[in-house]
Amino acid sequence: MRFFHLSDLHIGRQLHFYSLEQEQREMLGEILAQARKLRPDAVLIAGDIYDRSVPSAEACTLLDDFLKEFSEIEPQIPLLMIAGNHDNAARLQYAASFLRKNQIYISVLPPASPDEYLQQVVLNDAYGEVHFYLLPFTKPGYVRPLFEEGEAPADCHTAVSRLLGRERIDTAKRNVLISHQFYTAGDKMPMTCDSEQAYVSVGGLERVDVSAVSMFDYAALGHIHGAQKVGEERFRYCGTPLKYSVSEAGHEKSITLVTLGEKGTAPEIATIPLAAGRDVRRDSGTLAELLARAKEPQCHDYVSLTVTDGQGLYRPKEQLEEVYDHLLEMRVESHKMRELFTGEEETEKPLDPLEAFGAFFWDMQGRALYPEEREVMARLLADAQKEDV
C-alpha cells in the first residue's frame, strides 16, 4: 500500500506580514497533480490544516477548493485528516459527514467518554487490511473524562499511551497511526525551528516518547516543520510543504511517499520534491555584493539579508528594498560588534558602555544613534553608574 504523508499545511499563514495565499494555492495544486499522477492508495494529513483557530475567509475558501478538486479525482482516493494544535475542532469538522461520502475522513477531537474510541479507517491491498488510526492533537485535559478520579493523566505521554491502550489494536495486522504531538526518542529531541521552540517545554509535559506508538507499523507524525525520523524510520515527521519561517531556509520541502509491504517488513520511504515559486532564503555579504546578486528571479524570494560592511552606509535597508521586493529582515554585522563578542582585536581599547550600546544599536537597526538618542543613553548610563557607586 502506498500513501502520501503530509502535515502542517498552515493554510492562511503569513510570513512577516506577507500573505502566502498564492504560494499555498500553488502548493496544494502540486499535491493534487502528484495524486493524479502517482495514484496513491491514500493521502494522510497529520494536523495543523489551518494556521489559526479562527481562519480567514480566504483560508477557508482555499481548503474548500482543495477538497473539492481532490474529491473529483477518479477513482476516488481516501483522504484522512486530523486536527492539530492550531486547528479549531468545530470549524474543521464542518460538513464532515458530507465529506465522508467522498472518502474524506476528518477527526478533530480524541474520545471524551468511555464508549468512544479513535476513528479508524480500514483499507485493503494485496496483503490484506491496513488499519489507520486517527489521533487528533491531545492534551491531558481533553481525555480526563475517560478515567476515574485521581487516575487522569498528568502529561501528554501518559494521555497518548492510555488512549492507545484502550484501542484493542490487532498487532497481527498492519496498523498506521496519524498523530500530531511533540514526539521524542528517549532523550533525543527532534530538530526544531523557531515556531516549535515552545514545545521543548519546561518540565517536558508536552513530550510523548515514541515508545508509546511502538505497536504501529508506521506513525505519520505532524507538528515539527522539518522532515525527520523519530528514533526509527517508521516513526516520521514529514515536515511542512512550504517554508514558513527564516529558520526553515535550509529545508528541502517534499511529500513523503510511504510504501507499506506485507506485515513484518519495513516501510519504504521516498520523497517527492515540492518547489515553491518564491523561495525563503538567507544571504550575507557586503552591501555592494548583495545588490549585485539581486537578479531575476531570486530577487523576488523572501530573503533575510546580513550586511557585513555595516559602518558608514547610507540607508542600506532602503537600498536593498529597491531590488529585493520581499525583504523579510536586514541585519548588520558591524565590525565593532565582532570585536566585542569574538575578541578578534584584543590589542584595541575595550569599548566603553556607550560605545558598546551604539555598536549593538547599529547591529540591530542598521543606523547610528541620533544625537538626541545618544544623549539620552549617556544620561541613563551615567545614572546607572552613580547607583552602582
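Two strands pair if DSSP finds at least two bridges between them. Strands (E, at least two residues) and helices (H or I, at least four) are DSSP runs, numbered from the N terminus. The views show a predicted model, in which local features need pLDDT of at least 70, side-chain atom pairs count only at pLDDT 80 or more, and totals for chains, interfaces and linings use all residues. Residues are numbered from 1 along each chain as its sequence is written, and side-chain values use heavy atoms, with hydrogens and water left out.

**View B. Pairing of strand 17 with strand 18 (residues 302-307).** The two run in the parallel sense over 6 bridges. Asp-283 stands opposite Leu-305 in strand 18.

View C. Axes are lines fitted to C-alpha atoms, for helices over the stretch in contact (heavy atoms within 4.5 Å); angles run from 0 to 180 degrees between N-to-C directions.

View D. Glu-23 is buried, with a relative accessible area of 6%; buried means under 20% (1.4 Å probe, protein chains only). The Glu-23 side chain makes a polar contact with the side chain of Arg-278 (2.8 Å). A polar contact is a pair of N or O atoms within 3.5 Å; within protein, one must be able to donate a hydrogen and the other to accept it, and residues adjacent in sequence count only if both atoms are side-chain atoms. Apart from neighbours within four places in sequence, Glu-23 is in contact with Leu-242, Arg-278 and Tyr-302.

Notes: Buried < 20%, exposed > 50% of the residue type's maximum accessible area, 1.4 Å probe, protein only.
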